[in-house]
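Hi,

Here is the structure I promised to pass on. Please have it open while you read the notes below.

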Amino acid sequence: MTDRRTPGKGPRVPSGAARGSRSGDGRPPNRSGKVLTAATTDRRFTWMRSAFAVIMVIALVKLLWVQTIGGTELAARAESQRQVHQVLPATRGAIVDLNGDPIAFTREARDLSIQPLVEQRNAEARKELDRTKPTWDQLVDEIGDEFESVLGDQVDRDEIEAKLTSGGGFTYLVRNVDVTQANAITRKFPMIGAERVDIREYPGGALAANVVGATSKSDDGKLIGLQGIEATFNDELGGEDGRQTFDRAQDDTVIPGTLRNVSAPRDGDTIRLTLDADLQWHVQKAVQSAKDTSGAQNASAVVLDARTGEVRAMANDNTFNPAVGIGAELERGADLGNPAITSPFEPGSVQKIVTAAAAIEGGLTDPEEVHSVDGSISMEGVTVSDAWQHGPTPYTTTGIFGKSSNVGTLMLAQRVGKESFSEYLEKFGLGQRSGIELAGESDGLVPDLQNWQGGTFANLPIGQGLSMTTLQMAGIYQTIANDGVRVPPRIVAERVDPDGRTHAAERPEGERVVSEQTARTVRDMFRSVVQSGPGAQAGTGPQAAVAGYQISGKTGTAQQIDPACACYSNSRYWITFSGILPADDPRYVISIMLDAPQRGALGASAAPLFHDIASWLVNRDNIPPSAPAPDLILQAQ
């Protein structure tokens, strides 16, 4: 079809439809088709310029704030995000026996951990980048091989692999790994974390546990003493943690050159006790055996150095093993306390040595004086009888104690008098704490003189109406063994700091209670207790005798209170024995308490247990035999 156009004219364009069309004044229209006026354009330009100016002002203000007012704060915030304040743990000090053998010490170990899901993803990512890298399953096998090779029977390989393939978050693979073993594993597998832990070791298990105590861990993993020496000397044993600061990069690596504010830790001191670990082990075993054999409710024993008063052994039955854990031992019913210093009892006739010492020291009698002793005596409004029936009997002063006559003892106590007797009780350390370095020590109980009522003075000289601990009972005999000088018992020999400097424990001065001659006379008199022979000349505790050695000691039988009648029981007793080994040249004092034994020879006397401990000591220490001594006269003809 032919395009017909008017000559000289172009094609017609519809008004407002052609691109690039202009208004009559030459200005382009806006998108809506409206023509932009000069005023509109100027307003928009002004608005944009103003907005840009505002933005620039804000930026300049922010920049000024960052570089002046807020700069310090931002720098500090940035530094805090990368700054690490690390605690450098101090190692808890050891507790050792008299010879330096460890009873408790701290072993540094490692808890090994991993994040299975994270490490599995990392392994998969490495495998995609490098096909030669092992898969996660292969790594699990390799890690399992390493744990089995390094730790052997300490780990269960199946358990380790189960944790690695769990796909979970942070988990501990194995705890308490030796440092050398842990390092061998983490060097080969850096993805395994190693967290320091301190393990308190008790190589002897229950050895001296009632004395040494136990530890637990605080929230920050630091060992804290719970009782015994561990608690009493917690600060000295714990030492002082160190500190250091460094900066850490985003990948948790330490930024070189940023280590600062380093304060090295000060490890804890070593506490050396006066205990003899070998003797302690034997005494503990003997006490438990005696308790089990006799059916006693409880049993305890204390062994002192006769001259220094230092505790060589302190044992209770049913003790605990701190290495097992306090919770488990409590469930088992173990006694976590130390009854030898915390649980007083009425001592019975063991107490009579105070009456003997007071009477001899006052010149009121002598060992050979003969007394006509009846089977009972009226005193302070009460009647006291001997344990066996008899008429007037010519006992010597020595025989009164060798036969353990209540009547004869009270006859001598009347000579001593109330006031003087009360003073001797105090001088011998009764009714007061010894000050031993252990928490929970009991004072025992001795009635004040002004509170003595009818019958009090008839009970005290024979060991009833007052109470004492096994340690206090041993202290009485230590005074006689040490030629009349009482030295308060102690159980800590010295403290050794990390630099090896020793700090001797404070030693209280001894107090003279009776003269040297009185002490030696009383020691010799009380050999009569372990003397055997014809009935009239035999003492009450011949089972305590050790062949070839002079033994001085005293048996005791004290009635317990029957709660049903609030009166003394005729079936329940505290059975006691205290003795000196050997009497002619004292080395040890041994004191024993059995609570309500029911059967066997130990139901009547604790003397056999003394014999067991004393016999072990003379053999272990090679104590020279005593010189022969004449038999003592207990009953005149």
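Which residue follows α18, and is its phi positive or negative? The residue is D483, and its phi is positive, near 55 degrees.

Keep in mind that this is a predicted model. The mean pLDDT of the protein chain is 90, and 91% of its residues reach 70 or more. Residues 1–21 are the part to treat with care: their pLDDT is below 50. Beyond near neighbours in sequence, that stretch has two contacts in the model. Where pLDDT is low, the predicted coordinates should not be read in detail.

Back to helix α18. It covers residues 470–481. At 1.5 Å a residue, its 12 residues should span 16 Å; the end C-alpha atoms are 17 Å apart, which agrees. The helix is mostly covered, with 12 of its 12 residues buried.

Next, the cores. The largest nonpolar core has 118 residues. Those with the most contacts inside it are I229, L273, V283, V303, M314 and I491. Take V303: setting aside residues up to four places away in sequence, its contacts include L279, V283, R312, Y588, I613 and L617. A second, separate core has 19 residues, including L112, W136, L139 and I192.

Last, R110. This residue sits in strand β3, residues 102–114. Is R110 buried or exposed? Its relative accessible area is 15%, under the 20% cut-off, so R110 counts as buried. Leaving aside neighbours within four places in sequence, R110 is in contact with V174, N176, A194 and E195, among others.

Best wishes

Notes. Residues numbered from 1 in each chain as written. Predicted model: local features only at pLDDT ≥ 70, side-chain atom pairs only at ≥ 80, totals over all residues. Heavy atoms only, no water. pLDDT = per-residue confidence, 0-100. Contact = heavy atoms within 4.5 Å. Helix = DSSP H or I, 4+ residues; strand = E, 2+ residues; numbered from the N terminus. Expected span 1.5 Å × (residues − 1). Buried < 20%, exposed > 50% of the residue type's maximum accessible area, 1.4 Å probe, protein only. Core = buried A, V, L, I, M, F, W, Y, C linked by side-chain atoms within 4.5 Å.
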